[in-house]
Amino acid sequence: MKRSVTVPTTIICIVLGVLIALAGSQGSEIYNGMALFAVCASVSYILHWIIFIPSYIYQTEHYFDLTGSISYLSAIALAFYLNPSMDPRDFLIGLLIVIWAVRLGSFLFLRVKQDGKDNRFTVMKTQFHWYIMTWTMGGLWVFLTMAAGLAAITSDVTIPLGIMAYLGLALWIVGFTIEVIADKQKRVFKKQQNKEKEFITTGLWAWSRHPNYFGEITLWAGLTLIALPVLSGWQLVTLISPVFVYVLLTRISGIPMLENRAIKKWGSDPEYVDYLERTPSLIMKKPKN
């Protein structure tokens, strides 16, 4: 990728993060004269930039996804440690983010270790500007994804858990369950696959071409519902969290990248073409008999 594209993109990722950090800092607890929300928001960027250095030197992508998970855990741990007034909502949001980050981070790390490589990084890891842009986007991804939850945890407002929180929790559980099952089904399929069949069309993958992404979007929407009651004013900007996850997975790096790659591999396969025609890209729908 050309430097004329990667450098401006890197700058945009930083500026966008700063603007949302400033907005989400309204109503935040204060630590040493600084908004706790902004302090925690910086963690994801800092960690990604630190791990980028050895990753570029040794030309490896093995620690990219793991760094993302560690960033989530570090930001939440810092918020818990520095926040002088934690309440049940804060603990619930923090617990859900920790569970998700540990599960997904370990899953992705073990996957890339077992596979030996992640094809997304084959070319980009050899180009400094492209690779640093990717790691900076990783920092932005972590921050924006949990922005609403982080704003709620660091908020100086306390409201008892209500119906919206319980609805959000139920939605999170549904999304998390779907994501875990879909990932498990695909890993089992890949281990058992043969040369005649390389794409999965069974289990949840018969209901959606990307059920794991459906689960991901659903769980973050649920977490945002839990956070919403304590957000106000400029903090509402952090509601971009589930929107960002949706746009990222359906318009930028998720579905478009995977489907373009799949079409190149199996676009002439009648069975794959039939799978595309009868199976929704994201929204899960019971397949016809």
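This is a predicted model: local features need pLDDT of at least 70, side-chain atom pairs count only at pLDDT 80 or more; totals for chains, interfaces and linings use all residues.
Residues are numbered from 1 along each chain as its sequence is written, and side-chain values use heavy atoms, with hydrogens and water left out.

Now for the overall form. The C-alpha trace spans about 60 × 45 × 30 Å along its principal axes. With 289 residues, a compact globule would have a radius of gyration near 19 Å, and the 20 Å of this protein agrees with that. The radius is taken over C-alpha atoms, and the globule rule is 2.2 Å times the number of residues to the power 0.38. Of the 289 residues, 48% count as buried, where buried means under 20% relative accessible area, exposed over 50%, and partly exposed in between (1.4 Å probe, protein chains only).

The fold has 10 helices and 2 strands, both being DSSP runs numbered from the N terminus (helices: H or I, at least four residues; strands: E, at least two). Along the sequence they follow the pattern α-β-β-α-α-α-α-α-α-α-α-α. Among contacts between residues at least 6 apart in sequence, 82% join residues at least 24 apart; a contact here means heavy atoms within 4.5 Å.

Let's step inside. A nonpolar core is a set of buried Ala, Val, Leu, Ile, Met, Phe, Trp, Tyr and Cys residues joined through side-chain atoms within 4.5 Å. The largest one holds 65 residues, and those touching the most other members are Tyr-72, Ile-93, Ile-97, Trp-100, Phe-143, Met-146 and Trp-220. Helix H5 (residues 128-154) gives the most to this core, with 11 residues. Take Met-146 as a way in: leaving aside neighbours within four places in sequence, Met-146 is in contact with Tyr-72, Ala-75, Ile-76, Ile-97, Trp-220 and Ser-241. There is also a second, separate core of 9 residues, which includes Phe-121, Met-124, Tyr-131 and Ile-132.

Asn-32 sits in the loop between strand E1 (30-31) and strand E2 (34-35), and has a positive phi of about 50 degrees although it is not a glycine. At 64% relative accessibility, Asn-32 counts as exposed. Gln-59, in the loop between helix H2 (36-57) and helix H3 (64-82), also has a positive phi of about 50 degrees without being a glycine. Gln-59 counts as partly exposed, at 30% relative accessibility.

Helix H3 is also the place of Leu-82, which is buried with a relative accessible area of 16%. Not counting residues up to four places away in sequence, Leu-82 touches Tyr-31 and Leu-36. Leu-82 and Val-39 are 43 residues apart in sequence and 10.0 Å apart in space, C-alpha to C-alpha.

Our last stop is Tyr-246 in helix H8 (residues 240-252), partly exposed at 35% relative accessibility. Tyr-246 touches Ile-217, Arg-251 and Leu-282, again not counting residues up to four places away in sequence.
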